[in-house]
Amino acid sequence: MSKFHAVVWMDHQEAHVLQFDPESVEAARVKARSHHPRHHGPDAKALAEFYNHVAQALAGVHEVLVVGPGAAHDEFHAHCSKHVPAVAKAIVASQKADHPTDAQLVALARQYFNKYDRMAGTPTPM
């Protein structure tokens, strides 16, 4: 069941997708199929497949915050803009974040969406 808000922490190896509302959190992990050595970047086909799986995990979510330690969060947004416009439209921000716990991610996202919703002037379900 899709929630209204979600936060995604991602790097090129995995994504933590946390959909939440005031009462509950649904967590999913999406792992990339190919692991690459640190000195080589991921191959484009495997990365596109990974991003598509993350996008599928976000189907139906209205507002998404995407975070991560490297470039994957921005690359994911760019990928969705080209290939998954419904998810791209739901992404409200992309920002740097090291390796927080899932609880820390949800707290960060709740704080972000409270501010975002106030600035947008449209109260949304939290």
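1. Let's start with Arg33, which counts as exposed at 67% relative accessibility. This is a predicted model, and in it Arg33 forms a salt bridge with Glu49, with the closest N and O atoms 2.5 Å apart. Arg33 sits in the loop between strand 3 and helix 1, while Glu49 belongs to helix 1, so the pair ties together parts that are 16 residues apart in sequence. Glu49 itself is partly exposed, with a relative accessible area of 31%.

2. How many salt bridges does a search of the whole structure find? The count is five. As a reminder, side chains of opposite charge can pair when their charged atoms come close. Some of these salt bridges share partners, and they join Lys3, Asp21 and Glu26 into one network.

3. Strand 3 is worth a look for its charged residues. The side chains of Lys31 and Glu14 meet in a salt bridge at 3.6 Å, N to O. Lys31 is in strand 3 and Glu14 is in strand 2, so this pair links parts that are 17 residues apart in sequence. With 55% relative accessibility, Lys31 counts as exposed.

4. Arg29 has a partner too: its side chain meets that of Asp102 in a salt bridge (3.6 Å, N to O). Because Asp102 lies in helix 4 and Arg29 in strand 3, the pair ties together parts that are 73 residues apart in sequence. Asp102 is partly exposed, its relative accessible area being 23%.

5. Now to helix 1, residues 44-57. Does its length agree or disagree with what its residue count predicts? At 1.5 Å a residue, its 14 residues should span 20 Å, and the end C-alpha atoms are 20 Å apart, which agrees. The N-terminal end of helix 1 is capped by Asp43, where a side-chain oxygen lies 3.1 Å from the backbone nitrogen of Lys45.

6. Which residues of helix 1 are buried? They are Ala46, Leu47, Phe50, Tyr51, Val54 and Ala55. These buried residues pack against strand 1 (5-10), strand 2 (14-20) and strand 3 (25-31), and also against helix 2 and helix 3 (85-90).

7. Please also have a look at His73, a residue of helix 2 (residues 72-83). His73 counts as buried because its relative accessible area is 2%, and the cut-off for that class is under 20%. The His73 side chain reaches two backbone oxygens: that of Gly70 at 2.9 Å and that of Gly68 at 3.4 Å. Leaving aside residues up to four places away in sequence, His73 touches Met10, Val66, Val67, Gly68, Ser94, Gln95 and Lys96.

8. For the overall layout, the protein has four helices and five strands. Along the sequence they follow the pattern β-β-β-α-β-α-α-β-α. Of the contacts with a separation of 6 or more, 63% are between residues 24 or more positions apart. Buried residues make up 40% of the 126 residues. The accessible surface comes to about 7,000 Å², and 56% of it belongs to carbon and sulfur atoms.

9. Finally, a word on confidence. The mean pLDDT of the protein is 88, and 83% of its residues reach 70 or more. Where is confidence lowest, and where is it highest? It is lowest in helix 4 (residues 102-120), at a mean of 86, and highest in strand 1, at 97.

Technical notes
Residues are numbered from 1 along each chain as its sequence is written. This is a predicted model: local features need pLDDT of at least 70, side-chain atom pairs count only at pLDDT 80 or more; totals for chains, interfaces and linings use all residues. Side-chain values use heavy atoms; hydrogens and water are left out. Helices (H or I, at least four residues) and strands (E, at least two) are DSSP runs, numbered from the N terminus. Buried means under 20% relative accessible area, exposed over 50%, partly exposed in between (1.4 Å probe, protein chains only). A polar contact is a pair of N or O atoms within 3.5 Å; within protein, one must be able to donate a hydrogen and the other to accept it, and residues adjacent in sequence count only if both atoms are side-chain atoms. Contact means heavy atoms within 4.5 Å. The expected span of a helix is 1.5 Å times one less than its number of residues. Accessible areas come from the Shrake-Rupley method with a 1.4 Å probe; for residues, only the protein chains shown count as cover. pLDDT is the predictor's confidence in each residue, from 0 to 100. A salt bridge is a side-chain nitrogen of Lys or Arg within 4 Å of a carboxyl oxygen of Asp or Glu.
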